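I opened a new notebook page for this protein. I wanted its fold first, then its core.

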Amino acid sequence: MSVEQTAGVDGEALEVWIDQDLCTGDGICAQYAPEVFELDIDGLAYVKSGEDELLQAKGATTPVPLPLLTDVVDSAKECPGECIHVRRVSDKVEIFGPDAE
């Protein structure tokens with residue numbers, strides 16, 4: 001996925017990851033952005049790669065596609081487990097999610 005296709009704030013590419021230790025399995029994220037999030041058989045949410053592959057490694061990140069930025073941010077805001085983190089790729093600063101400044 002090229003930089004032009006990923007979301008950014010002030011031109012910065014963004015990525016998203018889920019802390020499964022805090023995930024409550026409500027699936028709100030998968031409802032908002034099924035192209036980015038999916039519940040696995042363990043009942044927890046994970047991010048998906050641009051090729052639709054479930055990324056189960058701890059701390060796995062995926063780029064935020066520009067057309068889905070609002071859905072991904074809404075997922076982070078609505079998540080009851082406060083486990084969705086959206087950050088800049090360049091410096092890893094969280095801009096949406098529980099640790100956002």
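Buried means under 20% relative accessible area with a 1.4 Å probe, protein chains only.

I noted that this is a predicted model, where local features need pLDDT of at least 70, side-chain atom pairs count only at pLDDT 80 or more, and totals for chains, interfaces and linings use all residues. Residues are numbered from 1 along each chain as its sequence is written, and side-chain values use heavy atoms, with hydrogens and water left out.

Fold. I found two helices and eight strands, taken as DSSP runs numbered from the N terminus (helices H or I, at least four residues; strands E, at least two). Their order along the sequence is β-β-α-β-β-β-β-α-β-β.

Of the 101 residues, 40% are buried. The largest nonpolar core holds 22 residues, and Val16, Ile18 and Phe37 are among those with the most contacts inside it. Helix H2 (69-78) is one of the elements that supply at least two core residues. H2 gives the most, with four.

Phe37. I listed its contacts (heavy atoms within 4.5 Å). Leaving out residues up to four places away in sequence, Phe37 touches Val16, Ile18, Tyr46, Val72 and Ile84, among others.

Sheet. I traced an open sheet of three strands, ordered S3-S4-S5 with antiparallel pairing. Strands S3 (37-39) and S5 (54-55) each have a single partner strand, so one side of each lacks a neighbour in the sheet. Pairing requires at least two DSSP bridges; S3 and S4 (residues 45-48) have three.

Note on methods
Buried < 20%, exposed > 50% of the residue type's maximum accessible area, 1.4 Å probe, protein only. Core = buried A, V, L, I, M, F, W, Y, C linked by side-chain atoms within 4.5 Å.
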